[in-house]
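Please walk through this model one element at a time.

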Amino acid sequence: MSAGRWLLRAASLAAALAVWQLLTSQDVNLWLRFEQFPTVGEVVSAFADRVGTGPYWQDLGHSLRRIVVGFLLAAVVGVAVGTAVARSRWAADLLGPLLEVVRPVPAIALVPVAILLLPTNEQGIVFITFTAAFFPVVVSTRHAVRALTPVWEEAVLTMGGGRLRVLFSVVLPGALPGIFGGLSVGIGVSWICVISAEMISGEYGVGYRTWQDYTIVDYPGVFVGMATIGALGWLTSTAVELLGRRATSWLPRPAARGAAGAPRPAFRRAARTPADAGIDPATARAAVRTAVPRKEPVP
């Protein structure tokens with residue numbers, strides 16, 4: 001990414017913070033009540049106080065561990081189930097109806113189920129995180145596998161390859177772009193649900209601490225939690241995207257428009273004569289006489 005694009009993004013964020021500071025410092029109350037909002041300076045001060053304490057990093061570690069464990073489980077199981085449903089008629093008949101019935105249920109609505117089924121709150125929160133990411137991965141994997149052209153599979157089978165060879169050489173590599181699309185969606189939904197689960201039944205974590213700040217009317221602390229959640233979500237989503245680009249490096253990438261140093265296509269004027277094309281005129285005439293038979297007069 002060029003320096004100009006980075007500068008534009010930084011300017012966009014700075015402009016949003018400036019508007020926030022202006023509205024809150026002036027206690028603007030035009031339908032939206034900004035007089036109760038903390039200013040940017042108050043949030044920055046609260047963040048500076050929190051970042052030097054142990055509980056802040058402890059909450060950060062708990063939330064990240066729950067996200068990593070739940071998301072990795074969802075990635076492995078989701079890809080396996082999505083591939084099976086797309087490739088096997090038996091799997092589609094056995095698992096398809098169950099997936100379609102459970103999929104519309106919000107993951108956060110499963111908190112009571114997790115509390116009843118699992119022995120600890122920690123396992124329940126990981127279960128909620130897993131469920132949140134599982135269905136986007138399953139759906140994207142299923143569609144990506146079904147969209148593959150059968151030509152490559154037939155080529156592998158023709159050359160003597162078995163089903164495992166087809167799976168690992170054709171199906172999974174071909175479906176990777178769609179799979180990583182589901183993973184990108186899943187990591188975002190996971191953060192939404194893990195924070196909500198921590199607010200409801202957690203003991204540690206960024207969501208739990210944010211809810212505790214709200215109950216004691218510590219609004220700068222609430223915004224510190226929100227900023228932390230946003231930063232963690234952005235970092236993890238970026239990591240998934242970079243991993244996806246590395247795993248699908250064989251795909252053609254569109255060249256960035258206006259990028260500095262980007263090669264420009266060269267256009268040449270069409271050759272109008274053999275000399276323009278660098279061909280000797282005498283050689284060209286001889287080639288034409290040889291290639292085109294002369295018409296003989298009819299006797």
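V44 sits in helix α2, which spans residues 40-51. Helices here are DSSP runs of H or I with at least four residues, strands are runs of E with at least two, and both are numbered from the N terminus. The model is predicted, so local features need pLDDT of at least 70 and side-chain atom pairs pLDDT 80 or more, while totals for chains, interfaces and linings use all residues. Residues are numbered from 1 along each chain as its sequence is written, and side-chain values use heavy atoms, with hydrogens and water left out.

V44 has a relative accessible area of 52%, so V44 is exposed. The classes are buried (under 20% relative accessible area), exposed (over 50%) and partly exposed (in between), with a 1.4 Å probe and protein chains only. The C-alpha atom of V44 is 9.8 Å from that of G221, although 177 residues separate the two along the chain.

The whole protein chain holds 11 helices and 2 strands. Read from the N terminus, the order is α-β-β-α-α-α-α-α-α-α-α-α-α. Of its 299 residues, 30% count as buried.

Side chains of opposite charge can pair when their charged atoms come close. A salt bridge here is a side-chain nitrogen of Lys or Arg within 4 Å of a carboxyl oxygen of Asp or Glu. The whole structure has 10 of them. One joins R50 and D213, at 2.9 Å from N to O. R50 is in helix α2 and D213 in helix α9, so this pair links distant parts of the chain, 163 residues apart. Is D213 buried or exposed? D213 is buried, because its relative accessibility is 5%.

R50 has another partner. D218 meets R50 in a salt bridge of 3.2 Å, N to O. D218 lies in the loop between α9 and α10, so its bridge to R50 in helix α2 ties together parts that are 168 residues apart in sequence. D218 is partly exposed, at 25% relative accessibility.

Other bridges follow. E241 pairs with R245, and their closest N and O atoms are 3.2 Å apart. Both lie in helix α10, 4 residues apart, so about one helical turn separates them. E241 is partly exposed at 41%. R65, R66, E122 and E198 form a network of salt bridges.

M199, I200, W211, Y214, V217 and Y219 make a nonpolar patch of about 580 Å². Patch residues have over 30% relative accessible area and no salt bridge; nonpolar side chains (Val, Leu, Ile, Met, Phe, Trp, Tyr) are joined within 5 Å, like charges within 9 Å. Areas come from the Shrake-Rupley method with a 1.4 Å probe, and for residues only the protein chains shown count as cover. Helices α8 (163-201) and α9 (206-215) each supply at least two of the patch residues. I200 belongs to α8 and is exposed, at 56% relative accessibility.

Of its 13 lining residues, F71, L72, I187, V240 and L243 are the closest to its centre. Helices α3 (54-87), α8 and α10 (219-247) each give two or more residues to the lining. A pocket is an open set of points on a 1 Å grid over the protein atoms alone, where a 1.4 Å probe fits, with protein on both sides within 12 Å along at least five of seven lines; lining residues have an atom within 4 Å of a point.
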